[in-house]
Amino acid sequence: MAERPTTFGITGFGYAFGDDKDVRLSAADYVSDPERIIRWGFDTFHRAPDGVTAVGLAARAAADALATTGVAASELDLVVLAASEVPEYPNWDASAALARELGITKVQTLLLTEGCASGVTGLGLVAGLMAVQPELDRVLFVAVNRVSEFHRNRMTVNNAVHSDGAVATVLRRDHPTLRWLATEQFTDPELSDWFRTDYGGSVAPVAPQGWSSRTADPGHVRVQAHFAKNPARLRAFGELLNSRLLDVIDGACKRAGLDRSDVAHVIYINDSPEAIEELVQPLGLPVERTNAAISPLHSHMGAADQLTSLGEQLTRGELHEGDVVALTGTSIGMRWYCTLVRV
């Protein structure tokens, strides 16, 4: 008889968001063509006040999750932080700083920096750690996005308004609900330079005089240059994006012993509602079985998108016992990823 794989479930959620900002009223502060931004369909984004850091947001969300689940920080066996933006400092472990903010004196920590993907792929890494460390029982998993407006213009990185927020979950070994089933991911390394932040690293630690993220080339310029502004190649890649998302969902289903038809709900990154609806059409799912209604309320919170939507849709009563939910998306790398959970 095959040994049952190590698994865990989500016991509760906590959240922390920046101040709500109206996209229509704010777009002109970031770009010279605000109507282009407004057409994407986002209503609200969150902007953290100056001085509120990613670790600060993460700590607030973590405290909320611990209070909701009745778990003390001292009872945690592992603290995981998935951070999808420019860190507060180089050569610094934000997961350790998070543990310090929670008042923990000794604990295993893990920092994930795979961009938007880390808030989903990190769940698979937790499963791996649980498989080799049977003492791991209670895990705090936090995903945070806090845009550094010096480095990046939150409205020109890609076709989404970038937002500041954090979601925290408490994971428990063998917990029967919101149970992790499988994680799948792969990258196209040729595209690894897309959406990178050019200044602040070891190659170019200081931006040129006069440079500003507000006036720097938007992210799509690098994408267009890659395809030599050839419309046919761009269209073909757009089709490839969606087909690879189906591939990664199929891969996760295969790992879980399921079929694509078993997926009842898809939670994508916080993209435009139209893009999310187009994505799920090949799966035969109505747009109501996605995060298309929640996405405009938060805008793109990087690694925090999918888990935030999972928790909020559960509270809304949109997910039902036994449903298989696919948390999926694309990220820097370029990385396609999917984690399956069963409600």
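The second largest pocket of this predicted model is lined by 18 residues, and those nearest its centre are Arg196, Asp198, Ala216, Asp217 and Gly219. A pocket here is an open set of points on a 1 Å grid over the protein atoms alone, where a 1.4 Å probe fits and protein lies on both sides within 12 Å along at least five of seven lines; a residue counts as lining if it has an atom within 4 Å of a point. The space in this pocket comes to about 350 Å³, taken as the volume filled by probe spheres set on the points, with grid points joined across faces, edges and corners.

Residues are numbered from 1 along each chain as its sequence is written. Local features need pLDDT of at least 70 and side-chain atom pairs 80 or more, while totals for chains, interfaces and linings use all residues, and side-chain values use heavy atoms, leaving out hydrogens and water.

On to the aromatics. Searching the whole structure turns up 12 aromatic pairs, a pair being rings of Phe, Tyr or Trp (its six-membered ring) with centres within 6.5 Å, called stacked if the planes are under 30 degrees apart, edge-to-face if over 60 and tilted for the rest. Phe13 and Tyr15 count as stacked because their ring centres are 6.3 Å apart and their planes sit at 5°. Together with Phe227 and Phe237, Trp194 and Phe195 form one aromatic cluster. Phe13 is buried at 11% relative accessible area, Tyr15 is partly exposed at 23%, and Trp194 is buried at 4% (buried is under 20%, exposed over 50% and partly exposed in between, with a 1.4 Å probe and protein chains only).

What about disulfides? The count is zero, with a disulfide taken as a pair of cysteine sulfur atoms within 2.5 Å. For Cys116 the closest cysteine sulfur, in Cys338, is 16 Å away, too far for a bond. Cys253 also has its closest cysteine sulfur in Cys338, at 6.7 Å, and that is too far as well. Cys116 is buried at 15%, and Cys253 is buried at 1%.

Gly333 and Met334 are joined by a cis peptide bond, with omega about -20°, and Met334 belongs to the loop between β10 (324–331) and β11 (335–342); helices (H or I, at least four residues) and strands (E, at least two) are DSSP runs numbered from the N terminus. Asn91, a non-glycine, has a positive phi near 55°. It lies in the loop between β4 (78–83) and α4 (94–101) and is exposed at 86%. Leu178, likewise not a glycine, has a positive phi of about 45°, but is buried at 5% in the loop between β7 (165–173) and β8 (179–187).

Finally, UniProt (unreviewed entry) places the feature "domain: Beta-ketoacyl-[acyl-carrier-protein] synthase III C-terminal" at residues 253–342; its positions follow the numbering used here, feature names are shortened, and annotations may be inferred rather than shown by experiment. Over residues 253–342 the chain is 31% helix and 23% strand, with the end C-alpha atoms 12 Å apart. Ile276 lies in helix α8 (residues 273–280) and is buried at 0%.
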